[in-house]
Amino acid sequence: MSSILQNLVNQPYQHGFITEIESDVAPAGLSEDTIRLISRKKNEPEWLLEFRLKAYRQWLTMEEPGWPNVKYPKINFQAISYYSAPKPKNKLASMDEVDPELLRTFEKLGVPMNERAKLAGVAVDVIFDSVSVATTYKAKLAQVGIIFCSISEAVREHPELVRQYLGSVVPVGDNFYAALNSAVFTDGSFCFIPKGVKCPMDLSTYFRINTENSGQFERTLIVAEEGASVSYLEGCTAPKFDTNQLHAAVVELIALDNADIKYSTVQNWYAGDENGLGGIYNFVTKRGLCKGVNSRISWTQVETGSAITWKYPSCVLRGDNSVGEFYSVALTNHHQQADTGTKMVHIGRNTRSTIVSKGISAGHSSNSYRGLVRMTPAAAGARNYSRCDSMLIGDQCSANTFPYIQASNPAAMVEHEASTSKIGEDQLFYFAQRGIGAEEAVSMIINGFCKDVFQQLPMEFAVEATKLLGLKLEGSVG
Amino acid sequence: MTGTEAGSYLDSLIRVQAQPPAAHSSPAWLKQLRARALERVGALTVPTTRDEDWRFTDLSPLTRLSWHPVQGAPQLASADLERLSLPEAAARLVFVDGRYAAQHSFNHSGLTVANLPAGMAEHGASVEAHLGRHARFEQDAFTAVNTAFLHDGALIVVARDAVLEAPVQVLCISTQKETASYPRCLVIAQPGSRLTIIEEFAALHQGACFTNAVTEMALADNARVNHVRVQRDSEAAFHIGNCAVSLAHASRYHAVGIAFGARLSRYNLNVLLAEEGAECAIDGLALIGGRQLADSHTLIDHAKPHGLSRQLHKCIVDGSAHSVFNGKIMVRPGAQRTDSSQSSRNLLLSGKARVDTKPQLEIFADDVKCAHGATVGQLDAEEVFYLRSRGLSDAAARMLLTYAFGAEVIGRIGVASLRRRLERAVQAQTSRAA
């Protein structure tokens, strides 16, 4: 088969360009002084500085994890610049005042934020290298009491809320990268949905890494109070650089009684060239806490970018009858490495979780699913269903599955299934019989393979994701 | 001698063990093998829960115990032997506390079924080619300790195209408390041969003891071996077993591993499908209660194309017991057309019992069919109801269903008398639990 299967990957990265904006960059290196500098630059209250320093001191005692199934040269944390913000100008009153260079960047990305925001009815909180520069639809959200702003703004405007929830799901010393993030995070999004409010629109953030050698440490915090619901979208692209960039974000979700949070991600950061040179290191901690009864947290992710992905969006199901979901498509090509999956920790009674993971590996890439399902002794009547399927394209790639199942409650049920397959010649032949060329056939087969996950995405994202997989695999199938 | 406490524990094992009595008569290569293993013992340490492979199995209770040298001659009462013997067996090798008991052993099979030092006289070259070559001791502390003491052991050589329908039994019995034994077994199945081997580990006391067993099997082209391993050590025992199997072209290996006993047991089974068209089927059953821990790690390594593997592992866990299963299936680059499936089924019978299971796939070839599944749960309420609607008591219904769950694995054993004996043991244990 294979000339078609062999052409499907070599599309150059379309979003590789660097915007020249004056940046206010801190000198490289990490010390308590750097953290004090970040905190001072952002005019932060004392408690947040304490939070950062506590995290930093824990981080110093921790070791870089060696267990993920990925290989990369050791990161020199002292060579990274931990603060980079566009030079503060006067406060912007309207979109017209936003740096035109910046707007052009978004246009190149296909995200003309004013238009797209209107067309799609999406409120976009744009993060450009760590500092939020423009927020739309804020007024409309404010009418129903929703707070949606950058986390620095939230620290200024709503310190009591941030203080209450920040670090409550991912403690400062949770893991090596979460501790690093807690110490040096510069910006991110904050979203608070008050009691009984259904968010009237999908919320989304675009992350973009700019400025060579500045690791990005985003912090996202979403709180849904009793009976609230929200759907949050995150989409990522990054310019093309040759040195690796570290990205260690932390995302915390909290759902109180009967609340519902849906978090969708499309990640397409620069993955390095076909020889594995460059690309983003994406070491992310994402965790949701179903704190209240009948709450629900749903993660959907389409991971196609980054040289290395190390990411386990998790749910801690503490409230009785709470529900955790994880839907994932991870595609790796060339020399990409992905070690991704989820953790479902069942604590409350009758908690339920569903895991659907689809991994596609092509080229010389390595794609691992690593998941944990834990039934604690209190989780009577809990249920889990997991399904992880892998597809291999070419014989130089690998697909691995590491599902950990830990059960200590006899009244809990855990089911796990996994399979590995390839695109069969008989399948391609069937398409050929009906006049469909191999490339199109492969694209259709892959979309069918990922259907269960794409169905979970909001519509615009589903379209984007389908296109993205096609682009990513172009040239590798044949 | 390493500085750490765990390292010195391995040294203490070495010190207690008496030197093999006839060590001076061993061939030079065997002396070298022992010396190399001893060297590794010095460099290795007892694994801790910080090692990924031992995350759920804490060996620190073992390292707090010390063992005495074995006393007297290997001897068994005839009633005990009677209870453990199999009427079908064509040959039997008995090891008491790790030492060969010639008076209890027999061989009517026409094959080489002998203690290692005796068998080596005839099969020196092939023993040298296989002993210590499959169960690698470079990274495994327990295999290294076993190899460093290598003396007595079962040697079974099945000649080319020889077919033995009746089973060969290898009995390893612990009779003395607070001792350590190091059973060793080597099976060489020459091309086209067939063999059924029953390895059984049992204790005649309720005290603590330490069994560190190593088994190696080499199957040549078209050979077929059925391997049944029964572990019924005492409830205070520590049992660590390593088994390494190498499969040549179109050979077939079928294993059934049963673990009932021991306070802490760990069994590592590594099967290498070294040539094209090899097949293996691996079944396992752990039936534990009380404060027992049963840990089973298997590796099915598909190194060449057209391999086939099937695995079913079941655990029935009661009381405060803890079962661990880690089943790794590796498909190496180029091992195309591999067909592999694996299933881990676990029955939790009590609120304090715990199951950790991790089926694991690592695949480096694209034209393969691999699947695995895992379930953990309790007895199906509808099935219990169905039996109760037919007049069975709740306890009887649960016992019957639990028994049936385990019987699926036992039913795959080809030796009728052993199957019956194990079924009775499962019944006894499940009725005690119910």
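This is a predicted model: local features need pLDDT of at least 70, side-chain atom pairs count only at pLDDT 80 or more; totals for chains, interfaces and linings use all residues.
Residues are numbered from 1 along each chain as its sequence is written, and chains are lettered from A and ligands numbered from 1 in the order in which they are written.

**Colour by confidence**

Chain B has a mean pLDDT of 91, with 96% of its residues at 70 or more. Chain A averages 80, and 78% of its residues score at least 70. In chain A, select residues 88-93: pLDDT is below 50 there, and the stretch has 3 contacts beyond near neighbours in sequence. Residues 114-121 of chain A are also below 50, with 10 such contacts. For the complex, the predictor gives an ipTM of 0.83 and a pTM of 0.84.

**Helices 2 and 6 of chain B**

Helices (H or I, at least four residues) and strands (E, at least two) are DSSP runs, numbered from the N terminus. Select helix 2 (residues 28-43) and helix 6 (residues 141-148) of chain B, which pack at about 140° with their axes 8 Å apart. Axes are lines fitted to C-alpha atoms, for helices over the stretch in contact, and angles run from 0 to 180 degrees between N-to-C directions. The angle therefore makes helix 2 of chain B oblique to helix 6 of chain B; angles under 35 degrees count as roughly parallel, over 145 as roughly antiparallel, 65 to 115 as roughly perpendicular and the rest as oblique.

Show side chains next. Residues including Leu33(B), Ala37(B) and Val41(B) in helix 2 meet residues of helix 6, among them Ala144(B), Val145(B) and Thr147(B).

Colour domain 1 (5-72 + 112-162 + 173-375) and domain 2 (379-434) of chain B separately; the bounds come from an automatic or database domain assignment. Their centres, taken over C-alpha atoms, are 28 Å apart. At the boundary, 18 residues of domain 1 are in contact with 16 of domain 2. Strand 15 of chain B gives the largest share of the domain 1 side, 4 residues. By class, that side has 11 nonpolar, 4 polar and 3 charged residues.

Within chain B, move to helix 7 (residues 381-389) and helix 8 (residues 394-410), whose axes come within 9 Å and cross at roughly 125°. That makes helix 7 of chain B oblique to helix 8 of chain B. Glu383(B), Val384(B), Leu387(B) and Arg388(B) in helix 7 meet residues of helix 8 including Asp394(B), Arg398(B) and Leu401(B). The contact has 5 nonpolar, no polar and 4 charged residues.

**Between the chains**

Finally, select the interface, where 30 residues of chain A are in contact with 32 residues of chain B. Strand 23 of chain A gives the most to the chain A side, with 10 residues. That side has 15 nonpolar, 11 polar and 4 charged residues.

Definitions and conventions
Two residues are in contact if their C-beta atoms, placed from the backbone, lie within 7 Å. pLDDT is the predictor's confidence in each residue, from 0 to 100. Ala, Val, Leu, Ile, Met, Phe, Trp, Tyr, Cys and Pro count as nonpolar, Asp, Glu, Lys and Arg as charged, and the others, Gly among them, as polar.
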